[in-house]
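Please keep the sequence and the coordinates at hand while reading.

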Amino acid sequence: MKTIRKVVDSNVNSQSNYAQAVDILNAGEVVAFPTETVYGLGAIATDDKAVKKIFEAKGRPSDNPLIVHIGTKEEAELYIEEIPEAAKKCMDLFWPGPLTLVMNVKPNILAKSVTAGLHTVGIRMPDHPVALQLLQQLKKPLAAPSANRSGKPSPTEAIHVEEDLQGCIPYILDGGSTGIGLESTVLDVTHEPPVILRPGGITKEMLEVAIGPVMQPTKVEQSMASTPKAPGMKYTHYAPNAPVYLIDCNEVIASQAIHKLRTEGQKVALLAPRNFAKVHADYFFSIGEEGVKEEMGAALYHALRACDKTEATIILVTTTSEEGVGAAIMNRLEKAAAGKRYTV
């Protein structure tokens, strides 16, 4: 299969690219497209054969449910049995935006592969002009996980999608770099109080201002969930080729660790705030200014992917606090490192 990548912007010529993407989707194929978080790999969510092509292209386990993307708020009631009041408030405040709401799904409408046999589905309205234009022209829901090989760092640029899925998918809409760089927050509103299944750019603090108390399970509690209700809950994610270790955000500790590892013959890649550049790793990738978590979130996946283009045999990534969006960053880092931490 040949993979075609087409750039879309405000130019009138882009309309033909959207039309081509819509035709490909209606023919039961998959299309990669940008959202405000990461690039997604979409198939029409009511077409089970098409949805299964997502799992095939990604090498994704079939018990890992997919998020459904819609182009207008009003479409949610087509697929959800009853929209709780908390969800309505969230939709008014945060849609379009990086918030997925898990609700009880109407039976026999969405493809079975989307829900992985559950009675719930995650649904969101993305806040990206390309995603919204595609959804509104298609006039159908798209099931769309991140557009990468399963387990690898999520793609924040179209070239990342091409690197991972070249020859596996027919079409990529290239809308440039994504903004937030971390997948959406997933909030389960079938519980009282609602439960954050995956932290993201819409933080616990922001949600509690809007709807009152919200639960955010610990890593241990999340790991005990036998059936994942949202992506990112069960399997290793976000990992480059070399093993990842988390390390305290301290220049002296990082310098000592790198010295020790290099004496052991390791080639070390360091992902850290830009002021760590003077720490002499074999490869250094800045993840923004220290303490500015939005910069870290936006740069993280790009930096993890960049490590695969080096000869690094080990990757050290500095940690951050779990306040605000830090909870989402640390969630992704814990997954990338499979919980491993480096101590000197």
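The structure holds 2 cavities of 30 Å³ or more. A cavity here is a set of points, on a 1 Å grid over the protein atoms alone, where a 1.4 Å probe fits but cannot get out, and its lining residues have an atom within 4 Å of a point. Grid points are joined across faces, edges and corners, and a volume is the space filled by probe spheres set on the points. The model is predicted: local features need pLDDT of at least 70 and side-chain atom pairs count only at pLDDT 80 or more, while totals for chains, interfaces and linings use all residues. Residues are numbered from 1 along each chain as its sequence is written, and side-chain values use heavy atoms, with hydrogens and water left out.

The second largest cavity has a volume of about 30 Å³. Its lining includes Ile 196, Pro 199, Thr 203, Lys 204, Gln 216 and Val 325. By class, the lining has 6 nonpolar, 4 polar and 1 charged residues, where Ala, Val, Leu, Ile, Met, Phe, Trp, Tyr, Cys and Pro count as nonpolar, Asp, Glu, Lys and Arg as charged, and the others, Gly among them, as polar.

Next come the helices. Helices (H or I, at least four residues) and strands (E, at least two) are DSSP runs, numbered from the N terminus. The axes of helix 4 (residues 85-94) and helix 8 (residues 204-211) come within 10 Å and cross at roughly 115°; axes are lines fitted to C-alpha atoms, for helices over the stretch in contact, and angles run from 0 to 180 degrees between N-to-C directions. Which residues of helix 4 and helix 8 meet? Ala 86, Lys 89, Cys 90, Leu 93 and Phe 94 in helix 4 are in contact with Met 206, Leu 207, Ala 210 and Ile 211 in helix 8, contact meaning heavy atoms within 4.5 Å. This contact of helix 4 with helix 8 has 8 nonpolar, no polar and 1 charged residues.

With a salt bridge defined as a side-chain nitrogen of Lys or Arg within 4 Å of a carboxyl oxygen of Asp or Glu, the count comes to 15 salt bridges. One of them joins Lys 278 and Glu 251, with the closest N and O atoms 3.2 Å apart. Lys 278 is in the loop between strand 12 (268-272) and strand 13 (283-286), and Glu 251 is in helix 10 (residues 251-263), 27 residues apart.

The backbone has cis peptide bonds between Trp 95 and Pro 96, with omega about -5°, and from Glu 192 to Pro 193, with omega near 0°. Pro 96 is in the loop between helix 4 and strand 5 (99-104).

Definitions and conventions: On a 1 Å grid over the protein atoms alone, a cavity is a set of points where a 1.4 Å probe fits but cannot get out, and a pocket is an open set with protein on both sides within 12 Å along at least five of seven lines; lining residues have an atom within 4 Å of a point.
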